[in-house]
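Welcome, and please open your viewer. We will walk through some charged pairs, one selection at a time.

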Amino acid sequence: MVVFLANRTNLQSKRLHDRIQNKLSAEFNDVRRRRAEPREAGSHRVVGDVNPRQFLGDDEYSVTTARVEIGFQLRTSDPYEYYWFNWIEPDRSLLVGWHRDDTHGDLGPVHLQVNDGSTAIDHQPAKFIDSHPLDVVERRLASLQEVVLGVEWEQGRPVGLDTSASVVEY
């Protein structure tokens with residue numbers, strides 16, 4: 001598959017999210033595009049369900065349901081798109097994902113975040129990918145397994161990322 005990376009300024013949000021939906025359909029179940037909630041930035045999200053034991057290749061993984069949520073906000077005041085790429089495990093109230101937005105400027109334009117429920121418990125700088133959004137999706141998908149497995153747990157609650165591992169380099 002060839003991804004055309006030029007002409008990012010002419011991206012249309014619905015069309016981009018439809019293309020992300022097509023991409024995710026190969027690896028995830030019940031992939032759908034939805035309108036963003038009023039509290040969410042951007043106009044759309046792509047959501048796909050997954051069995052973590054299969055996706056992560058770990059038959060002993062603690063839960064059997066998770067989802068991936070991806071969204072881009074185009075035409076920002078910055079010279080790049082904002083995005084959210086999240087792995088969510090509702091049964092354990094875990095969210096881990098990359099965020100390129102206007103928060104945590106001290107971490108750079110993109111950071112890796114771990115949430116326990118609605119509380120952010122860890123933020124780490126992440127590699128800035130200045131590329132077409134479909135390329136960002138492809139590259140984040142490629143490192144998702146290692147990042148999810150790099151979440152540290154204590155007494156059944158996420159406490160952060162294993163910073164000794166390479167997960168924070170993503």
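Is Asp-135 buried or exposed? Keep in mind as you look that this is a predicted model. Select Asp-135: its relative accessible area is 18%, so this residue is buried, the cut-off being under 20%.

Arg-139 forms a salt bridge with Asp-135, and their closest N and O atoms are 3.3 Å apart. Both residues belong to helix H3 (residues 133–149), where they sit 4 residues apart, about one turn of the helix.

Next, move to the strands and select Arg-32 and Asp-49. Here is another salt bridge, with 3.5 Å between the closest N and O atoms. Arg-32 is in strand E1 (residues 29–35) and Asp-49 in strand E2 (residues 44–50), so this pair ties together parts that are 17 residues apart in sequence. Arg-32 counts as partly exposed at 30% relative accessibility, and Asp-49 counts as partly exposed at 24%.

Then select Arg-34 and Glu-69. Their salt bridge has its closest N and O atoms 3.4 Å apart. This pair links distant parts of the chain, 35 residues apart: Arg-34 lies in strand E1 and Glu-69 in strand E3 (residues 66–73). Arg-34 is partly exposed, at 22% relative accessible area, whereas Glu-69 counts as buried at 10%.

For a last stop, select Lys-14, Asp-18 and Arg-33 together. A network of salt bridges links these residues.

Notes
Residues numbered from 1 in each chain as written. Predicted model: local features only at pLDDT ≥ 70, side-chain atom pairs only at ≥ 80, totals over all residues. Heavy atoms only, no water. Salt bridge = Lys/Arg side-chain N within 4 Å of Asp/Glu carboxyl O. Helix = DSSP H or I, 4+ residues; strand = E, 2+ residues; numbered from the N terminus. Buried < 20%, exposed > 50% of the residue type's maximum accessible area, 1.4 Å probe, protein only.
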